[in-house]
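Hello,

Here is the structure I said I would pass on. My notes follow below it.

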Amino acid sequence: MDKMQNNNIWVGIKDLEQDPSFIEESGLETSLIEQIADSKNEEVFASNRRDFLKFLGFGLGAATIAAGCDIPVKRALPYVIKPDTIVPGIANYYASSYIDGGEFASILVKTRDGRPIKIEGNDLAPSGWGTTSARVQASVISLYDTNRLTGPQKSEAGNLSLTTWKDLDTKVKSALATASGIRILQISNTSPTAKKAQAEFIAKYPSAKVVNVDHSNYSGILDANLADFGSRMIPSYHFDKAEVIVSFDADFLGTWVMPTKFASDYAQMRKITDLSKAKMSRHIQVEAGMSLSGSNADNRILVKPSEQGVAVGHLYNLIVGGGAPVTGLNDKAKASLAKVASQLKNASGKSIVVSGSNIPAEQQMVNAINNTLGNYGTTIDTSNAILTKQGSEKDFDALLNEMKSGAVDVLIIDGANPVYSHAKGLQFAEALKKVKTKVAFGLSKDETNILCDFIATKPHFLESWGDAQPTSTTLSLVQPTIAPLFNSRQVESSYLTWSESPSTDIFEYIKATWAETAFKAQTDFATVDAFWDNALQLGVMSTIGGAAASFGGGTIDFSAVTKVSNAPLEISFKESISLGNGQYATNPWLQEMPNPIDRTSWGNYLAVPVNFDGDSSMVGLNGLKDGDLAKLTINGKEFTVPVIQQFGQMPGTVSINLGYGRTEAGACGTGLGISLIPFLTDNNGYAQNFSSKVQVSNKIGKEEEFSCVQYHHTYGVKGKDNDTGQMINADEAATVFFDYFTGIKGFQGSLTDRSVMYTSNLADIKANAAELDKKRKHAQYLNSKQIYGGHDDLYNNGHHWGMHIDLNACIGCGACTVACMSENNVPIVGKKEVSRHHEMTWLRIDRYYYGDVENPNTVYQPMMCQHCDNAPCENVCPVNATNHSSEGLNQMTYNRCIGTRYCANNCPYKVRRFNWFDYTTADSFPANQYKKFGEELTFGAENLTRMVLNPDVTVRSKGVIEKCSFCVQRIQEGKLTAKKEQRVLRDSDVKTACQTSCPTGAITFGDSNNKEGALHAKLELPLNFISLEEINVRSSVNYTMKVNNRDKSLDA
Amino acid sequence: MISRFRKLPVLIILGLFLLGITNVYAQPSPDAGKVLFTANCASCHAKDMKSALTGPALGGAEANWDTKENLYAWIRNSQGMIQQGHPRAVELWNKYKPTVMTGFPDLTDDEIASMLLYIDGVYAGTYPPKAAGAPAGAGAVVDEPKGSNLWSYGLIILFLAGLSYILFRILGNLNQLSAAKDGVDYDKPSLMKVLTSKGLVTFLLFCLVIFGGYTTVNRAINLGRQQGYEPDQPIKFSHVTHAGLNKIDCQYCHDGARRSKHSVIPATNTCMNCHSAIKVGSQYGTAEITKIFASIGYDPLNNKYIENYEKMPEDSIKAIFTAWMTDAYVTDKGIAAIDADGEELVDNQWRDIKKSLTNEQKKTIPGPIEWVKIHNLPDHAYFNHAQHVAVGKVACQTCHGAVEKMEVVKQYSPLSMGWCINCHRETEVKFSENDYYKSYEQFHTEIKEGKRTKVTVADIGGLECQKCHY
């Protein structure tokens, strides 16, 4: 039996190697870097004693003048005609759909006084569709992006300027009238209404043809399915029914096809509620670099990117039998895959094999494997095809050739940005010059549309009417939640205008479309209006079931399978979980959200492998360490990139995220990191996300602003005590030298054995649960003997708020962190501030590795204020700005805080954040403000960006501490609802922002005094533990032991 | 001292007795009825109980019904009674249809009894009790006028100064006598010398610092507070006319108070509910009401809303409303054509309308009326009207004063944190009435066991920071 692995977890190399600076810093509230003078801003921020006197004088003077002056007159503007549905101060929720670049989520948009301020999942949507990801949560701030175009644009001598719709329409129509080759290049669009409008356009201009592309390429799998099933689609995968999951480099929890839906299903097979019947799926990820799915996997089989094809081939030979090439596959992977094959065979009909490959032959092998295993019809549903990805690289190449030959007269581009996001972007930019008229639909400028003649400015999806058909059986509506902020026009309206259709009103047009199709397909409603109202209220509806496609088994061209490269180093390019392939680079929340795996933000970092030297230290590639700069040479082109040492990265490979290096992405996206899309390699017209022509140099420097948060705010760090040689908790090293009367030096047991995390293998779960129980009882016994005993009698009256986080469900996707920023007006601080440990996130996701140092398992721990009933922060505040409520909340009162930061220093969980600058311009002293992007006005100071702020949450100013409040504004609102309705509070009244955003339902919040509530039931679960329970702070947050289903035999 | 101790038990008994009186939730009372009436009935039924509005006058309602049960059933579900064919129900329906009376199925017998007590009291003129001396409607706190104590302090200071001067002279004389007796020269200190002596100057400076510090701190605390703030408004809206004389319920216009954090300044279309009929005011004639029409675009002469009003040029707007004011003037005076006085009046009124409805940001007349906000809380303080009005059942006047007597509204309360906290300390929550409070099991047990007589807002956490600051 494996011993329960307590504290055999590590954050990174510094932790494993016992780096003295890391151990020292872990005891501090913020980093030592703090003390390094900030040379750039010196003239603004440097102050001395004379300045202090000046400020004092100014302060007194200002106060005197303020006292003498009248208070400024404030106005209150009522409506002229108040809409029935709006009550100022009460939020309205509208059902809508998030559709962006092929992603789909059924959502509720929270609007306050006419402003959308928050996105929630739509709980009326069929299971898994109403869940959100970080991208969905962050989409609301892109509505208020200051880089948005304010109206239609025309280009004169390469410069874009405002024009009128009339002018644009006249010119575009005259170009269309004379054109003999019209092409529409668009990101896959599933909207039935848009298709109808496009059809009208094509009827008017018969030379028009549509070319679909996707932000990431799915041509391989689509073409494979066309060959095998006769239909270019991706089937629905039911990870909630799969007992064995094998993924060949498909990051289905992070980026692949439909990650939020997949994650929601996946987690259902990972939660453990009953020890006696403990069961979970086994997830095996075959990959080189650590992906989000890989980090959640039980086993990772390491293969180089160029080995992926033969790895699939090997499994194909073992399961389907014969024919596929396997030359070059490493022996370890070969042996492991053989064992995987037998496990798959044992789980026939209850397994899923997926691949992220973009080669049809490889995807066809995966199809054949699934077919032999009998997975079609059980875990894979072809009758409900996913339609969000329809891009075709062949069509794109054909278009490119047509453009080069001058056969395209008018090119209309919708959503696609090939100049940046396509490997042949430069060729495309060149070929654009040969197109007579180029029209783009766009929200803001990008690399492609600035080269066009016209930009028909389109509204944000929160300002639009629309619909979508994400799968063949699901229809969904998009409704506007605010009047268009700018002079924009919907894409559909533009098509209809140009085709001189009688109806250009998009609302009437959509309603008519639905009356024709969805209304006629149902029997519940007799009138169109009743049907429409209901559909709008629900947001999403299931139509009748589609027909299943049967596996035809097309012939597989084995010669197309990737040949294994013998180059010493390979690089894989990965879609970023936050930024996608660069399409979300303009979004500051997504930029600031740390990458779940390597914990970096604001830029892309080269992940290099680390190897254990067998003694005590870890060796990175070429001796590179975190934050070093190295020269990366791909195909002869040199880049300077910062490096991050990545556990689980296969030796002989490196990897890097795509989506950075944009040249036209507004204030926060432009010029961050490097773009590697031009270096995607080509295999018979299918772009491959890796390259073998790569070299990485030795260290050439140090990154000035190393924005990786992995060593920020760490807790429970242990260091070796010099006097005794014992490992003790680092942040208390100074306080624990006990020389008892016996003369024996020593430490209290609790100081050497901190409970930060408990992990177990599924096979050992009962023994480990018993052990955990013993440890907890012991800690509770010791705690009860302390002078700070329990407060149970204080908190058993009324409510006592608490939280439960199921670490087996948490996949670390980061949706909660963005939801928290959105709900609580958490400021964005930018790259430099992040590099100085100044990120303001109230909720962070701590990522720990455990197990095998070279191929570890990963556990994510969402960490926020634990609302301790014996809170150490409360005792040290000199002004009582933080104190405890009778409902068990650790209250932070900003207007009382004077910024001593004692509380942050005394917090064992490191969850308190200090406003070093006036990040949100809550006060008007410019010297307090921090210009993130060197702009005139601080980011977030414009009225447009400020519209996203939640009016129920105070905007904090410089010099105060802030932290998680358990969404107290939601608690108060929920209590008020119950009081108004004169009933007891229900679980559904109060849900925190992190809880509602979580796609896997890992977070449960509630009143632990409510015996009938969901939280109370969760608190009884056998795997629960409280982080740092032994220090008697009485945290209100419970976690579960992380259980993995790792098959040790695969490691051999 | 002894006598004081003797009084103590008496005080305790008296205190308990008073507590007993205040804890009368269980029994019907006209006071409770008033709150319920205001919340549920007052938007349709007249407050004087004698005149009919949307619904009939309620005075004497009990006499019109055969049994109490039927009346109660009618209040809870009037349509049900009509369908049952109860004669009184059918009579009322025939008179008022198609207006349907809102059903109140949640009202308890005691609550209805309370309302009927209140209705009878108002109808008969016995409520509010005359002897109480408190102004009607104010519900609670109204300050007694305070006489200034300054002159009495002055007198005392003068008296003490005189006394010290006399004592000082006596002391001087005695010293002189004693010196003469001892044969020593004694230089009698002059008043000037004493006033400039080190001791006195130090003492005075000390007093000055203490007084200065005290004043500064008090002033600093009061920074940003504006109790008594009484700004001019764009419309001379009279709460006396609306809430006082016509007894329109506060929440008819301020309809956010029962459901939202904001009480809400009514939209112009709310004004139009009445003012499409009442077009000339009792105090200012056409001068003020025309501003409503000019804001929303209503042509009072032709009784219709003006189409495309937002885009209308100012001259056309002026033409419509001057024509209306002229017409009203002529009709009022009973003359055939407008005279010079009238022309001047109309001209002045128009200029005032324009001034009131436009400013630097808002150049055109159509659009919202920009009222001056009187009650301003700092951004870090969260206040919710619904919590106080709908849940706490606090009368509007408790915080806003007797608005129905204010010609121009002013800020009645200091809106300071101390003021909030004091009220939270004293105010009882509707503990037994509202099922929400069931989760406070301990308090319920204590009440049952007699250990506790009341639960105040403070008891359930009403003094904690994050009840208002988050």
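**A three-stranded sheet**

Chain A has an open sheet of three strands, in the order β2-β39-β40, with antiparallel pairing. Please bear in mind that this is a predicted model. The edges of the sheet are β2 (9–10) and β40 (857–863) of chain A; each has a single partner strand, so one side of each is left without a neighbour in the sheet. The pairing of β2(A) with strand β39 (residues 844–850) of chain A is antiparallel and runs over two bridges. Within that pairing, Ile9(A) is placed opposite Tyr850(A) of β39(A).

The domain assignment divides chain A into domain 1 (153–217 + 391–523), domain 2 (233–386), domain 3 (569–702) and domain 4 (754–1044). I looked at the pair formed by domains 2 and 4 of chain A, whose C-alpha centres are 35 Å apart. Their contact draws 19 residues from domain 2 of chain A and 20 residues from domain 4 of chain A.

On the domain 2 side of this contact in chain A, three elements supply at least two residues each: α9 (259–268), α10 (292–296) and β14 (299–302). Of the elements there, α9(A) gives the most, with four residues. Sorted by class, the side of domain 2 of chain A that touches domain 4 of chain A consists of nine nonpolar, six polar and four charged residues.

Regards

How values were computed. Residues numbered from 1 in each chain as written. Chains lettered and ligands numbered in written order. Predicted model: local features only at pLDDT ≥ 70, side-chain atom pairs only at ≥ 80, totals over all residues. Domains from an automatic or database assignment. Contact = placed C-beta atoms within 7 Å. Nonpolar A, V, L, I, M, F, W, Y, C, P; charged D, E, K, R; others polar. Pairing = 2+ DSSP bridges.
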